Each structure stands twice: as C-alpha cells, then as structure tokens.
Amino acid sequence: MTQRIRPESIRLESTTHCQLRCPSCPTAKGVIKERIGNGFLKFDDFRRLIDENPHVTHVELSNWGELFLNPDLLEMMEYAYQESVELTASNGTNLNTVSPQVLEGLVKFKFRHMTCSIDGASQQTYEKYRVRGDFDQVIRNIETINRHKKEFRSKFPVLRWQFIAFDHNAHEIQAARELARRLGMHFFLKLSWDEGLAPSANQEIARLETPGGVVNEREFSEENETGYLQRSICGQLWREPQVNWDGEVLGCCVNTWQSFGNVFDSTLLETLQNERMTYARRMLMGRAEPRDDIACTTCDHYKAMAARADWLIPDAVDNSFKARLTRLLGRKGVWLTNRSRRLARWQRKFDGA
C-alpha cells in the first residue's frame with residue numbers, strides 16, 4: 001500500500017543568488033546556477049502555495065542562496081504571519097545584506113528560527129571563508145534584531161550561531177561561543193565536508209570542541225557507521241520536501257541534478273505522490289533497486305546508505321510530542337503561538353534554544 005504524503009512542513013528556496021564567495025560552496029562555484037538556475041521566489045507563487053496547501057504550517061526558506069536578497073521577502077513574511085504559517089531559515093543565512101525594514105519584520109511577523117553562518121570571531125578569520133563578508137555588519141544586524149525583540153517583547157526569531165570548524169578558525173571557537181552567549185544565541189559547531197579545509201594543524205583544539213571529537217564528515221561516518229546528517233537529509237522526502245524557487249520539486253536539500261516534477265504545473269500533493277517520488281522513498285527504505293530516472297541513485301548519501309544497508313525506517317515520520325501536536329492543531333496552533341508569550345516560550349524550549 002502506498003503511503004500518503006501530506007507534510008506539515010516544506011522547504012522552499014527563496015533564492016539561489018548569494019553575494020558571498022565561500023570557497024567550498026557550489027553556489028559560489030556556479031554549480032547551482034548551472035543545475036537549477038539563478039532566480040527568486042515570487043510573492044504570487046509563495047501565496048499560491050500557502051493558499052492551496054492549508055495543511056502546511058511551516059516553510060523553511062533557506063538552502064543554496066541568501067534569502068535576504070529576495071526583494072519580496074518582507075511581503076512573504078507578512079502574508080505568512082497573516083495566514084498563521086511559521087517561517088524559518090534554519091539551514092542558514094550569512095546575514096550580511098538586510099534592510100532595516102526586513103530586520104524589523106523578522107520580529108514583527110514572528111519569523112520563528114534563523115541560523116546565522118558565522119565561521120569566526122573576528123573579521124580577519126571570518127572573511128577567510130565567508131569571502132566578501134563583513135563580520136561587524138553581521139553582528140550589528142543581530143544586535144538590531146535583539147533590540148526589536150525587546151521592543152516587541154517577542155521571543156522570535158530564535159537565533160543560532162553556526163560555526164563550521166576549519167583549520168584557520170579552530171582557535172576562535174571558544175571566543176565565538178562566548179560572543180554567541182552574550183548575543184542570546186544558541187551555538188552550533190558544524191563539521192566541514194571539505195577535508196581540505198577541515199582542521200589539520202589545529203586538530204587538537206578542534207577535537208576538544210567538535211561532536212564526538214571528530215574533525216570532518218568522513219571521521220564522523222567512520223565513528224558512527226552512518227553519514228553525517230544523512231538520515232535527516234534523506235528523511236526530507238517524507239517530512240519536509242525541498243521545492244526550488246521555480247517550483248521544481250527536488251525532494252531534499254542536496255539534490256540539484258534531477259527534478260521530480262513542478263508544483264506550479266501540477267499541485268504540491270500530486271507531485272509528492274507521483275510514481276518517481278514514491279519509488280525514491282522505497283529506495284531509501286531498501287525496498288527497491290536504484291533506477292536511472294531517480295535522483296537518489298547517483299547521490300553519495302544514498303550510495304553510503306546502500307553500502308551499509310543503513311535504510312530509513314518505513315514511515316520516517318516525526319512522532320515527537322511537538323510534531324503530533326502540530327498535526328493536531330495545524331495553523332490554529334501557529335495562530336495561538338503568535339499571540340501568546342507563554343506558548344512562545346514553550347515552543348522556544350522545544351526548539352532547543
């Protein structure tokens with residue numbers, strides 16, 4: 001029997017444009033433009049997805065590009081707030097270029113969660129990877145958000161400082177952690193997938209700070225017998241499917257080479273239930289052989305999963321208390337949280353910040 005997919009969350013790329021030139025990033029190298037195009041999610045398309053899918057209560061807007069470059073972002077935030085839909089940028093933003101109106105709108109329209117990619121505690125270190133980035137401007141933008149949170153007496157957005165551990169920045173991990181604490185941010189130390197930039201000379205410093213004492217994704221996989229973030233990424237085909245700015249359904253945040261269909265030509269639910277999406281999920285559960293017309297077939301995550309027979313569980317559905325409550329209340333729950341500081345504190349606790 002085919003499992004019916006009706007997710008409360010979707011990942012919707014707001015833009016594939018970015019103003020920085022991070023050395024390991026496929027966007028900076030032009031790979032993303034070549035594969036899925038450079039463009040912006042338009043407000044009318046955003047509104048259509050929200051209106052046609054009342055079961056959707058949460059939209060993640062960040063992936064390959066810098067969401068704050070989208071000229072329609074403020075309008076999308078306001079509409080999502082009116083329709084009781086949570087917005088997040090948990091995948092990440094560089095937070096370099098943001099208008100004063102959008103900084104206020106993040107708080108005014110209760111943008112839920114934002115991951116700020118800040119790989120250093122000084123401009124000298126930060127700019128080595130975040131090329132063209134301005135560390136001081138990022139900190140000023142965070143301080144502005146915090147001032148608006150006090151002004152509006154709001155807990156949102158919850159802010160997370162994401163620090164990718166490189167060789168050149170390992171000595172600033174502690175300083176960054178302390179600055180994040182002073183700014184009221186949760187601190188997350190992420191492993192580098194690029195072994196050429198992962199800690200080498202500063203391995204001992206990094207091993208004291210990184211999860212499990214490993215310094216790159218390969219070491220994590222060897223220690224844990226599963227890929228770094230693999231299960232959460234592959235599980236997106238069930239819980240939080242990725243849609244590109246032009247409506248192409250990519251399934252997960254990693255796929256850039258093969259579409260499963262377009263939600264603007266069909267509908268979101270029809271596309272998520274089509275034969276190739278259904279077959280891809282069966283592959284990830286170890287129930288079907290790889291096929292050339294399925295994006296997962298050539299994905300490193302799937303190959304590693306298949307090599308270890310490390311398949312996803314059959315339903316891959318989040319059954320945590322918060323997830324079950326969200327499914328029960330739907331947008332009414334978002335509406336209540338938007339208007340109750342007590343419920344906002346409760347949600348902030350469940351978000352781990």
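How many of the 8 residues of strand β3 are buried? The count is 6 of the 8, for residues 86–93, so β3 is largely enclosed by the rest of the structure. Buried here means under 20% relative accessible area, with exposed over 50% and partly exposed in between, using a 1.4 Å probe and protein chains only. Strands (E, at least two residues) and helices (H or I, at least four) are DSSP runs, numbered from the N terminus.

Some notes on the source. This is a predicted model, where local features need pLDDT of at least 70, side-chain atom pairs count only at pLDDT 80 or more, and totals for chains, interfaces and linings use all residues. Residues are numbered from 1 along each chain as its sequence is written, and side-chain values use heavy atoms, leaving out hydrogens and water.

Back to β3. Strand β2, residues 58–60, pairs with β3 in the parallel sense over 3 bridges; pairing requires at least two DSSP bridges between the strands. V59 has L87 as its bridge partner in β3. On the other pairing, β3 runs parallel to β4, residues 113–117, joined by 3 bridges, and T93 stands opposite C116.

Now the aromatics. The whole structure holds 7 aromatic pairs, meaning Phe, Tyr or Trp rings (six-membered ring for Trp) with centres within 6.5 Å; planes under 30 degrees apart are stacked, over 60 edge-to-face, the rest tilted. Y129 and F166 have ring centres 4.5 Å apart and planes at 40°, so this pair is tilted. Y129 lies in helix α5 and F166 in the loop between β5 and α7, 37 residues apart. Y129 is buried at 6% relative accessible area, and F166 is buried at 1%.
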